[in-house]
Amino acid sequence: MSFVAINRLSAIKNQFRNMSTVHKIVQTKSAPAAIGPYSQAVVANGFVFASGSIPVNPATGEVVPGGVKEQTEQVLTNLGEVLKASNSSFSQVVKTTVFLKSMNDFNDVNEVYGRRLGGALPARACVEVARLPKDVLVEIEAIATVSP
């Protein structure tokens with residue numbers, strides 16, 4: 001191997017060493033605690049990866065009463081608090097995944113989601129699932145950039 005190739009490989013190796021993932025676990029009392037062995041969110045390399053939020057009132061630990069619209073409101077309130085604790089916001093969200101108990105609720109969830117995200121249009125997937133934790137109707141996870 002030539003001297004130039006060895007120097008180039010060394011430079012590439014140093015670049016990867018400098019890119020090592022530094023992450024921070026996010027925990028806020030303004031959103032429900034995780035109900036399993038996971039974090040509310042993790043900040044890594046300029047992004048926050050927020051776990052799925054469900055419609056649990058953080059003060060009571062209970063699922064909010066009402067239908068899918070009320071549950072979506074609470075989900076987005078909880079998610080907003082996690083983003084805030086991560087030094088991020090809905091305007092910085094780049095991707096969400098929405099999990100629905102029934103795809104029949106798609107339009108109602110979209111109505112609340114569109115209003116609460118305030119014009120932000122992140123990439124999104126929406127899937128119907130057989131069951132969600134605590135038998136809720138909706139869960140939403142997000143990936144967003146963090147402010148420096």
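A: In this predicted model, six strands make up an open sheet with mixed pairing, in the order S1-S2-S3-S6-S4-S5. Strands here are DSSP runs of E with at least two residues, helices are runs of H or I with at least four, and both are numbered from the N terminus; two strands pair if DSSP finds at least two bridges between them. Strand S1 (23-26) and strand S5 (123-128) are the edges; each has a single partner strand, so one side of each lacks a neighbour in the sheet. From one strand to the next the twist averages 10°, with axes fitted as lines to C-alpha atoms, for helices over the stretch in contact, and angles taken from 0 to 180 degrees between N-to-C directions.

Residues are numbered from 1 along each chain as its sequence is written. Because the model is predicted, local features need pLDDT of at least 70 and side-chain atom pairs count only at pLDDT 80 or more, while totals for chains, interfaces and linings use all residues; side-chain values use heavy atoms, leaving out hydrogens and water.

Strand S2 (residues 41-44) runs antiparallel to strand S3 (residues 47-53), and four bridges join them. Val-43 has Val-48 of S3 as its bridge partner. Two residues lie between the strands of this hairpin, where Asn-45 takes a positive phi near 50°. S3 also pairs with strand S6 (residues 138-145), again in the antiparallel sense, over five bridges; here Ser-53 is partnered by Ile-140 in S6. Strand S4 (residues 93-100), by contrast, is parallel to S5, with six bridges between them, and Thr-96 stands opposite Arg-124 in S5.

Two helices lie across the sheet. H2 lies across S1, S2, S3, S4 and S6, at about 30° to S6. H3 lies across S4, S5 and S6, at about 150° to S4. The axes of helix H2 (residues 68-85) and helix H3 (residues 106-116) come within 9 Å and cross at roughly 35°. The crossing is right-handed, a term for the near helix being turned clockwise from the far one by less than a right angle, with left-handed for anticlockwise. Among the H2 residues in this contact are Val-68, Thr-72 and Leu-76, and those of H3 include Val-109, Val-112 and Tyr-113; contact means heavy atoms within 4.5 Å. By class, five of the contact residues are nonpolar, two polar and six charged, where Ala, Val, Leu, Ile, Met, Phe, Trp, Tyr, Cys and Pro count as nonpolar, Asp, Glu, Lys and Arg as charged, and the others, Gly among them, as polar.

The largest nonpolar core has 25 residues, of which Leu-76, Leu-79, Leu-83, Phe-90, Val-98, Val-138 and Ile-140 touch the most other members. Such a core is a set of buried Ala, Val, Leu, Ile, Met, Phe, Trp, Tyr and Cys residues joined through side-chain atoms within 4.5 Å; buried means under 20% relative accessible area, exposed over 50% and partly exposed in between, with a 1.4 Å probe and protein chains only. S2, S3, H2, S4, H3 and S6 each supply at least two residues to this core, and H2 gives the most, with six. Not counting residues up to four places away in sequence, Leu-83 touches Val-48, Ser-88, Ser-89, Phe-90, Val-93 and Ala-144. A second, separate core of five residues includes Val-56, Phe-99, Leu-132 and Val-136.
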